[in-house]
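How is this chain divided, and where do its parts meet?

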Amino acid sequence: NTITSEKICHTTCPYCGVGCGVEVTVNETTDGKKALSKLEGNRQHPANFGQLCVKGSNLLETNDLSNRLLHPSIDGKRASWPDAYQHIADKLSTIIKEHGPDAVAFYVSGQLLTEDYYVVNKLAKGYLGTANVDTNSRLCMSSAVSAYKRAFGEDIVPCDYQDLENTDLLVLIGSNAAWTHPILFQRMEKAKKLNPSMKIVHVDPRANATTSLADLHLAIKPGSDAYLFNGLLAYIADNNALDNSFIETHTDGFNDALACATLSVEEVAQLCDVPIDNIRTFYSLFVSSPRAISFYSMGINQSNSGVDKANSIINCHLASGKIGKEGSGPFSITGQPNAMGGREVGGLANMLAAHMDIENPKHREKVKNYWQSPTIATNGGLKAVDLFDAIENGKVKAVWIMATNPLVSMPNRNKIERALAKAELVVVSDVVEKNDTLAFADVKLPATAWSEKDGTVTNSERRVSRQQGLLIPPGEAKHDWQIISEFAQTMGFNEGFNFSHPSEVYAEHAGLSGHDNHDERYFNISAHQHISKHQYNTLRPFRWPLTGDDTKDNARVFSDGKFYTDNGRAKFMPILPRLPEQATSDAFPFVLNTGRLRDQWHTMTRTGKAGKLTQHIAESCLYINANDADALGVIEGEAVYLSSQVSEAPQICLPVKIDNKLREKTCFAPIHWNQTFASSASIARLFTDARDPLSGQPELKHAAIQITKV
Ligand code: SF4
């Protein structure tokens, strides 16, 4: 077939929270088919200015139809869409009638686009009457969200990517940005080259690729971050580095926070197990640098005290006035491509759309009025770990899982298996035909994938970008917003779900962000509430809040010292550091840390297809240092069994790789491999249900394990 047209389209990369802009050439042939022929970074996109990392560059290699789910099915038999909708509607209606709306739940994903997220939240919270809608973003950044809300009154990331380049001190905490957010790391490298006096401190128990850029590495004892930042708060106070005018005019709670921050530098050095001179150097850099950014991600968030850790960082910025200014602020970086878009539309069980709170009656009334919905959930729903507990104990009887594979990503896999086996109805919407979770599905629904999906995403600097539908969906695959809208209509909710294009969903979402709440919420994109399909399709990347002119970035947040708490003042939080719950013992003497590799993404359903991406590291392994390997009697390449408190029987077998940058008695394993792939690693299964009491985010950076030679 001859190519009849060639069009360059702008979209975004579907992998990490950097949210890079991508330029793709779409060819149309004489038989009306479309194909993608060329992909490169979009030079105009402010997140990446044309650069792409290796995952983004290889997107086209991962975009084939192998392992695609193409048709709906019920109990393993192919079904039509109307039959599948009716089957689910009958089951859910019966369950709701017999047990109430909270017997139903949705478990969704940071892979969804904002429009998908909006519609599923509207259905659950405003029509079915349950707030049981949680997301795998709970595993990613929910601690950062809770900390921002406690300190600022709203979930607002106060920095942007240019701040990373225009600062004097960059403190990277619990982040291997060189591998997990490569384009941001490249921007940091370039900034340091241009400005050699800019200092970089890397706080991480493990030296890794990111450490190479650092002037100082603090290899702290795993889990001791809050000691470090409580100590910094005390140091700021003791060294005349407080911004007293800012504290007095714009904050509350400083004295209470300081009363908890009593550690001397010597004590911090001991508790964090870091040489005292290194602690002094870090503290003195923070105090002497006019501008400082704290850049943190999963190493802070995935903890049983992740919210406190994040607030201990924010406290230091409030105390020194390093916030609301160029090159200064506490900057939480999300892992997933649309973790922030989900937050905007109430994608977490404790939130309502447009940054409103489910526990606030005024907010509930506003959202219900705007939706003109028959009901509104009145209490926060179940967070991820509690949600699967409730399925296991029979309180939740039906769950609809969208675009995520909790068997692999959630801790305590045995429990997730028991829960899904017990549920009366498991619906899974996904792009793949087979994965661990789909094995438990009663109803499978084929969803569209990147290059077919059409909507918006919000990256880590609050920038909204379009992800364009470039190809015609294969088989009978549908968009997630479309699946939920059509299902809602099957349930009889015709009025609220009469969407025929994602621009209509986006416009409604934008309208809600300005509906009767201008003065209370910072999140506002209501200038787009009447957006046309054409305007939506050509929407330029912009950062919220929208002030009317989306060709310009908004003013810096908090530059006026105004926060979104009831009295407009930021709140210091008194922090009493807590150590990880999954503590080591004689039986389980090693600390297991987990994370992403440079060239893989999540459970490898896409990146596992690209030969170039599997060349970097071809199989899962356990990184340990040479002394520990000697003590275990193993050499590089030999296999070991891993077991934990979750099940004393060995659960995982991995080859050893020596990494002498690890502290003794600590080890590291990648999160990606699972039973679909050769080594059946599925590392999260070794973790218990330990989680932060406020955010509910599981402690996925610190398990106590036993390692034995095979
Ligand atoms: Fe994609 Fe993230 Fe790489 Fe950018 S940095 S190309 S968003 S994976």
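Domain bounds here come from an automatic or database domain assignment. On that basis, in this predicted model, the centres of domain 2 and domain 4, taken over C-alpha atoms, are separated by 30 Å. The chain is divided into the four domains tabulated here.

| Domain | Residues |
|---|---|
| domain 1 | 3-62 |
| domain 2 | 90-139 + 337-470 + 504-543 |
| domain 3 | 142-333 |
| domain 4 | 590-709 |

Next, the interface between domain 2 and domain 4. Contact involves 18 residues of domain 2 and 18 residues of domain 4. On the domain 2 side, three helices each supply at least two residues: α17 (384-392), α18 (406-409) and α19 (413-422). Of these, α17 gives the most, with three residues.

Strands of a sheet pair through backbone hydrogen bonds, either parallel or antiparallel. Here three strands form an open sheet, with antiparallel pairing. Their order is β17-β18-β19. Which strands lie at the edges? They are β17 (455-458) and β19 (542-543), and each pairs on one side only. The strand β18 covers residues 463-467. Four bridges join β17 to β18, and the two run antiparallel. Thr458 has Val464 of β18 as its bridge partner.

Key:
Residues are numbered from 1 along each chain as its sequence is written. This is a predicted model: local features need pLDDT of at least 70, side-chain atom pairs count only at pLDDT 80 or more; totals for chains, interfaces and linings use all residues. Two residues are in contact if their C-beta atoms, placed from the backbone, lie within 7 Å. Two strands pair if DSSP finds at least two bridges between them.
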